[in-house]
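Dear colleague,

Here is the structure you were waiting for. My notes follow below it.

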Amino acid sequence: MFTRLALCSRLPSRSWQSTVREYSQTKFPHSHGRALVHRSEFRQARRIVVKLGSAVVTRGDEGGLALGRLASIVEQVAVLQNQGREMMIVTSGAVAFGKQRLRHEILLSQSVRQALHTGHNQLKEMVKAIPVLEARACAAAGQSGLMALYEAMFTQYSTCTAQILVTNLDFHDEQKRRNLSSTLHELLRMNIVPIINTNDAVIPPPVPNSDLQGVISIKDNDSLAARLAVEMKADLLIALSDVEGLYDSPPGTDNAKLIDIFYPGDQQSITYGSKSRVGMGGMEAKVKAALWALQGGTSVVIANGTHPKVTGHVITDIVDGKKVGTFFSEVKPAGPTVEQQAEMARSGGRVLASLLPEERGEIIFRLAELLTEKKEDILSANKRDMDLARASGSLSLQLLNRLSLSTSKLNSLAIGLRQIAVSSRDSVGRVLRRTRVANNLELEQVTVPIGVLLVIFESRPDCLPQVSALAIASGNALLLKGGKEAAHTNKILHQLTQEALSIHGIQDAIQLVSTREDVEDLCRLNKLIDLIIPRGSSELVRNIQHAAKGIPVLGHSEGICHVYIDSEASIDKAIDIIKDSKCDYPSACNAMETLLIHRDLLRTPMFDQIIDMMRAEEVKIHAGPKFASYLTFSPSEVKSLRTEYGDLECCIEVVDSMQDALDHVHKYGSSHTDVIVTENEETAEQFLQQLDSACVFWNASTRFADGYRFGLGAEVGISTARIHARGPVGLEGLLTTKWVLRGEGHTVADFSEQGSMKYLHENIPVSQRILS
């Protein structure tokens, strides 16, 4: 064993070392003994080994080290080290670094005269003539340079490093093994990052099948990292290579799938490909090393350390519990993975879409019946969730109201579902347009399901039967991810949904994701999910819109709804609309958040009555800048005119005209729902035509912006997007179209200048038939 301490400005003092060690043990309390069973537990990992494969450390042309990639990896390791974790690196690269250096030295050794008189082509031949360099010599020449590079990089983060070179003897000889372990523990105690490599300058070639009983031999850096991780009782081993992780067949082959979690005993289902372009080990060697480490109590993740889009955060993402690479786990979950659920849903959804409209309606009618038949069971489960939420104190009053179910809510849900069942008879397969392209060549545009929907909702168990019914009616497969605060209610509602689906044997079409999947991980399943629909707070919607990778998100990030009281408004209508818009359900996304009042109404009886009503309803008022300027003693001035309060609070602002109100809404609104209260029809029509919001109302409460109240039966959400669905999204918003062309051997060549056919493009009346 050879140890070299990196140069540091100073070594940490013993008191500081003690403080760091105590902080680390408090913040990252995981004690080695069992492997971590879920990715979220990685956040508690204290001792971490990062293995850098040859493909990660070297450039693609094998002409030297990948400096930019290495720098980003060093930065991540330093960040985790400075958090109080104990980081170790097992690195390749000495041979590649030495090869570059020796090739350079050989070229320089040629005489200057010879180099000057050599033509370009002859110089290229000189380079080719350089003899094949022996790997041990390259390692000897490259080890010092590689370590110097690590030292320089880690110094930028005030982090000390130490180099340790090992061979098989350092593990097989008991005394050497104890010495190695003692050295590593002492370095970690001093907050130093050990950088370990096999001593390739002296190590003999690996002998096939030379593993000792129960012990893995050091044949490459995969086996070295595994042996070291177990020896040092590391919590986590991160093995970085040039592939995304472990696939069920060689990457690049047809239908090769990345394995998210790999369990011991699954080896028979894997077909291995060739090893990487550089290095001694292939994926088979990595899997063997990973399973050996897992058996020794160290969790393992194999991930890609070469992809330019992820290299800068791959290590920190893994430690943060994100779904990156392949996680080796000893504990196999009882149910299917979310990927398997999505595939099951897609398969079931195709059968669902093939049913007759009456058959889909039959399923929804049965679900409506079950909501009333099983009312007591549903309310009992909901009470359990409510009791747990109140005991934890984690939910606000508004979220508790959303979580709560009642007999009246269930009855309303059942009514809405029956409306959806009726409307489902004219949904999937409806012909929107028919065109006679040419003689005996007819084209139809037909409604079809979108595919697999992912609906993420929080504190809204009533959302589950609503979106399930809409998915059934539109023939879409559905993944549901509810908040843990409604776990018991969601479970029974999903069971009832599956009972209804069982009428036609398609229970798999709607899946409830109950595993500990992070929402961000679900949003990455762009090959399995076609549309994400968030139902919850504006923060949830924004986070999902940010996290979605290549999957469209239907929703609105905020519900900043305005009511504008015109100078010609009716006092009774104004008071009723303001009260209903703000006080009926303050936490709803369609509740009024800003009240705009025409300047001429200030200091009038109408204005006084509005203020008196709001005080009586205990609405907290925030004054806009203009409104505050009219008052001697004003309410607290609003911090932002773009605020969604979600409570009995609102902003009051003064405007000079209807056009001023439009400008205000366009500037500070969220394009959700906005209202004008006026008796002047011309003013109202101008407002309705010019305002660019999903819902615009005249003399009606903002609370009408709802799928049930619009007669859609229910909604999956309210969209403020400007493409596809907008406003309350019901059945129609969950359909897309496809084009169906029926011909008799037609070819495009038939319509060329020399062809015998001409385009007609005649519109044909659309029949009301539904295509099966």
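How many residues does helix H23 have, and what distance does H23 reach from its first C-alpha to its last? Before the reply, please note that this is a predicted model. H23 spans residues 605-616, which gives 12 residues. The reach from end to end is 16 Å, close to the 16 Å expected at 1.5 Å a residue.

Which residues of H23 are buried? They are Met606, Phe607, Ile610, Ile611, Met613 and Met614. These residues lie on the same side of H23, because they cover an arc of only 160° around the axis. Pro605, Arg615 and Ala616, on the other side of H23, are exposed.

The buried residues of H23 pack against both strands and helices. The strands are S16 (561-565), S17 (592-598), S18 (620-623) and S19 (649-655). The helices are H22 (571-583) and H24 (625-629).

Glutamate 618 follows H23 and sits in the loop between H23 and S18. Its phi is positive, about 60°, although glutamate 618 is not a glycine. Is the residue buried or exposed? Glutamate 618 is exposed, and its relative accessible area is 64%.

Histidine 761 is another non-glycine residue with a positive phi, in this case near 50°. Histidine 761 is placed in the loop between strand S24 (735-742) and strand S25 (762-764). With a relative accessibility of 52%, histidine 761 counts as exposed.

The largest pocket

The volume of the largest pocket is about 1700 Å³. Its lining consists of 41 residues. Nearest the centre of the pocket lie Leu258, Ile259, Asp260, Glu339 and Leu525. Four elements each supply at least two residues of the lining: strand S7 (261-262), strand S8 (299-304), helix H12 (314-319) and helix H13 (338-354). H13 provides the largest share, 3 residues.

The protein as a whole

There are 26 helices and 25 strands in the protein. Of its 772 residues, 53% are buried. Among contacts in the protein with a separation of 6 or more, 75% are between residues 24 or more positions apart. The accessible surface of the protein is about 35200 Å², and carbon and sulfur atoms hold 50% of that surface.

Regards

Technical notes: Residues numbered from 1 in each chain as written. Predicted model: local features only at pLDDT ≥ 70, side-chain atom pairs only at ≥ 80, totals over all residues. Heavy atoms only, no water. Expected span 1.5 Å × (residues − 1). Buried < 20%, exposed > 50% of the residue type's maximum accessible area, 1.4 Å probe, protein only. Arc of directions from axis to C-beta. Contact = heavy atoms within 4.5 Å. Areas by Shrake-Rupley, 256 points an atom, 1.4 Å probe, with all protein chains shown as cover. 1 Å grid on protein atoms, 1.4 Å probe; cavity = no way out; pocket = protein on both sides within 12 Å on 5 of 7 lines; lining within 4 Å. Points joined across faces, edges and corners; volume = space filled by probe spheres on them.
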